[in-house]
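Here are my notes on this one, as numbered points. Have the model open while you go through them.

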There are 2 protein chains.
Amino acid sequence: MAAKADWVAVDWGTSNLRVWGMDEAGRPVFERLADRGMARLAPGEFPFVLADLLADLLADAGAMGALDVLVCGMAGARQGWVEAPYLDLPADLGALGRASVPAPAPGQSFRVRIVPGVCRREAGREDVMRGEETQLLGVSVLRPGFAGLVLKAGTHSKWARLEGARLIDFSTAMTGELFEAASAHTVLRHSVGGEVMGPLTEEGIAAGLEAGLERPDLLTTLMFRARAAALVSERGPDWCSGYLSGLLVGAEVAGHRDEIGMGPVPVLGAERLTRLYRAALKRIGVETQPVEATEATLAGLAAVHKQIYATR
Amino acid sequence: MAAKADWVAVDWGTSNLRVWGMDEAGRPVFERLADRGMARLAPGEFPFVLADLLADLLADAGAMGALDVLVCGMAGARQGWVEAPYLDLPADLGALGRASVPAPAPGQSFRVRIVPGVCRREAGREDVMRGEETQLLGVSVLRPGFAGLVLKAGTHSKWARLEGARLIDFSTAMTGELFEAASAHTVLRHSVGGEVMGPLTEEGIAAGLEAGLERPDLLTTLMFRARAAALVSERGPDWCSGYLSGLLVGAEVAGHRDEIGMGPVPVLGAERLTRLYRAALKRIGVETQPVEATEATLAGLAAVHKQIYATR
């Protein structure tokens, strides 16, 4: 039997693509994944990738007219499907629907709109997000009335100040990507290993968190210690990997200490990463509340969908 | 005519190898370079690489008995020619000769000793150097009576506290290597370019130095700005490269501010890099004195040579 859905929600990232069939109430009825992220596609390929992934749904829906598809993420970047120009800070996330941009899908039986990202243009403080604005709108739906700092952990983490559906400010830290680059492409590759969770990794994480929280200003010095500790203290790859990840996250959290306030801070992201951020925040006395990232994405896309189509 | 030398000085790094023929007064009479660094060699290959590079000299010296070769750098690492165990901090650099280690060179008409590195074993503050200890001894020869902080800029920079020929303390920052890894293997690769010196690069360097000196604790956040500034402020690769290098160096200098004192700080390293460190130090009111790095290496190797062979 073919899949059924009222509309289709898409999170089109740099490396991967996630697609959900959504019912009228804004709940997912199926999910599909593909490794066809924006970075691997030419603009003209986007509609075909989507058509392939939704072939059964489109065959079924064909008789009922065009299917609505709503996309957030990197598909709206300049080198993506079609550019969805950034909203400026402070941004009313209630206006994401109105600012969404139609994407060309010639000959396809679906209609696509892409959600814009948000940027800060202020010289010396430039910043950008694409995809997180939708998750943040989702947070405002899942936590009605929430005002405060939200942390999205990831390859690039985002510290965002939310007041209801209003995004006041945010900043991006490329901590996760730096961990990957330093682990694979510097002298630290001789010391840090694959993901080896265990007591020695935990010990390394604790040492790294402590060092990073205490001296975030000495990051490039403290990073080298992941090599020196292997050479002179016989630390293994499990300890060194833990140390390096704890150090980077600890330093990032310490750098944002003044903005964090008392919490509780909603934290979104993969468990592996949020665990580190939550441990760092706990060490400085800040409570956190985990928010399921997919739930936030879908709540956000459903809210944008309602903004666009509520009047139909 | 074959080259002549009283002995041979070698700086055997990770990527490259530099060899000098030295006269009796400890002055270089010729220099040779090869891209046969430690990282590319198995232990047994070291003597053959050296024999190749010195073939003419050895042919000439053959009648006079074995030629003395003194090596500093990574050839003394565990995975190098033969391990020359680290001296511990605080280290008397006047003892480098006594602590040097003979390296096997079966069937060759030269005798080799390798200068040890220096390490700090204190748990949580581990650090290592190999090669810089010899340069630092050289600084103590070139600047008799100097006591204070010395900066060696490089892929891994060293901040060393020297009192005459006594190395009191040091720390390593992997800032240069992080610049390379971030430029080539993160999202910043889309923004930063090759070495394009010019007014826009200078403007980027100034902006980066200012940001790094002011907020060294926000390094992974400020790094991302090299991407965001390209996206929303149309900054080109020249500006972004300058910004990233200025930022990293500025943050490193700010992190060491408390140890730096009033200077003047002798600064060794390639011109491209020392220029950045000197500009950063100048911005915080610290004077610097450039020291030619090769001169320091040779003065150091000559001093170690004297320590070993003075009694012959």
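1. Cysteines, to begin with. A disulfide here is a pair of cysteine sulfur atoms within 2.5 Å, and over all chains the structure holds 0 of them. The sulfur of A:C240 has its closest cysteine partner in B:C119, but at 15 Å that is too far for a bond. Both residues are buried (under 20% relative accessible area with a 1.4 Å probe, protein chains only; exposed is over 50%, partly exposed in between): A:C240 has a relative accessible area of 0%, and B:C119 also comes out at 0%.

2. Ground rules. This is a predicted model, where local features need pLDDT of at least 70 and side-chain atom pairs count only at pLDDT 80 or more, while totals for chains, interfaces and linings use all residues. Residues are numbered from 1 along each chain as its sequence is written, chains are lettered from A and ligands numbered from 1 in the order in which they are written, and side-chain values use heavy atoms, with hydrogens and water left out.

3. The interface. Counting contact as heavy atoms within 4.5 Å, 48 residues of chain B meet 48 residues of chain A. The buried area (accessible area, 1.4 Å probe, that two parts lose on being put together, summed over both) is about 4,000 Å², with carbon and sulfur atoms giving 61%. By class, the chain B side has 21 nonpolar residues (Ala, Val, Leu, Ile, Met, Phe, Trp, Tyr, Cys and Pro), 14 charged (Asp, Glu, Lys and Arg) and 13 polar (the others, Gly among them).

4. Which element of chain B gives the largest share of the side that touches chain A? That is helix 7, with 12 residues. Helices (H or I, at least four residues) and strands (E, at least two) are DSSP runs, numbered from the N terminus.

5. Helix 5 of chain B deserves a look. It is largely enclosed by the rest of the structure, because 8 of its 11 residues are buried; among them are B:L178, B:F179 and B:A181. These buried residues pack against helix 5 (175-185) and helix 7 (219-232) of chain A, together with strand 13, helix 7, helix 8 and helix 10 (271-283) of chain B.

6. Finally, B:E132, which sits in helix 4 (residues 132-142) of chain B. B:E132 is buried, at 12% relative accessible area. Leaving out residues up to four places away in sequence, B:E132 touches B:K152, B:H156 and B:K158. C-alpha to C-alpha, B:E132 and B:G117 are 7.9 Å apart in space and 15 residues apart in sequence.
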